[in-house]
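Q: Please take a close look at one part of this model and describe how it is built into its surroundings. I would like each term to come with its cut-offs.

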Amino acid sequence: MDLKKYIRDVQDFPKPGIGFKDITTLLIAPEAVKEALQQFVALAKGKGITKVVSMESRGFFFGPMIANEINAGFVPVRKPGKLPYQTVKQEYALEYGTDTLEMHLGAIEKGDKVLIHDDVLATGGTAEAVVKMVESQGAEVVQLDFLIDLTFLNGKDKLKGHHINALIEY
């Protein structure tokens, strides 16, 4: 199945000059969701993954489903102030300034084998921050899986030394 046909291009969103890859058109097509999930699960099987870590908010679409299918725990990564318990924080660079991500303290344990999942790999800043957060807890990042890799933004450069998969590339 060609998953690209389920992705809608929205021009000038969220600002002029940006071509946004909208995955909501894939999410409303059960056959595309099933196919993407099957592909993600196949990429993760047999790797001993104990936790799937996904970033707010679009990473939450497939992250819990993947975790369930491979019998791993699911760990959400959120913006500051959204998680109710003690957190581990990681700051990362934006085009102008910085932002921070958080996950619950103790959600990742030393020795965990982690799959990091998100919808899109763009510049790699968010994924790099999550890798640092996971590794700071003594866990191993086994791989990073994305629905889409915007290859022209060179996000993989920030993730050197890690195994990266994407179902769709632009």
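A: Helices (runs of H or I, at least four residues) and strands (runs of E, at least two) are taken from DSSP and numbered from the N terminus. The model is predicted, so that local features need pLDDT of at least 70 and side-chain atom pairs count only at pLDDT 80 or more, while totals for chains, interfaces and linings use all residues. Residues are numbered from 1 along each chain as its sequence is written, and side-chain values use heavy atoms, with hydrogens and water left out.

Within strand 7 lies Asp-119, which counts as buried because its relative accessibility is 5%, buried meaning under 20% relative accessible area, exposed over 50% and partly exposed in between (1.4 Å probe, protein chains only). The side chains of Asp-119 and Arg-58 are joined by a polar contact of 2.5 Å, that is, a pair of N or O atoms within 3.5 Å of which, within protein, one must be able to donate a hydrogen and the other to accept it, residues adjacent in sequence counting only if both atoms are side-chain atoms. Apart from neighbours within four places in sequence, Asp-119 is in contact (heavy atoms within 4.5 Å) with residues including Ile-23, Gly-59, Phe-146 and Leu-147.

Strand 7 also takes part in the lining of the largest pocket, to which it gives the most, with four residues. This pocket has a volume of about 1,200 Å³, and of its 34 lining residues the closest to the centre are Arg-58, Ala-122, Thr-123, Leu-150 and Leu-153. A pocket is an open set of points on a 1 Å grid over the protein atoms alone where a 1.4 Å probe fits, with protein on both sides within 12 Å along at least five of seven lines, and lining residues have an atom within 4 Å of a point; the volume is the space filled by probe spheres set on the points, which are joined across faces, edges and corners. At least two lining residues each come from elements including strand 5 (87-93), strand 6 (98-104) and helix 4.

Ala-122 sits in the loop between strand 7 and helix 4 and counts as partly exposed because its relative accessibility is 26%. Not counting residues up to four places away in sequence, Ala-122 touches Leu-150, Leu-153, Asn-154 and Gly-155. His-104 is 18 residues from Ala-122 along the chain, and their C-alpha atoms are separated by 25 Å.
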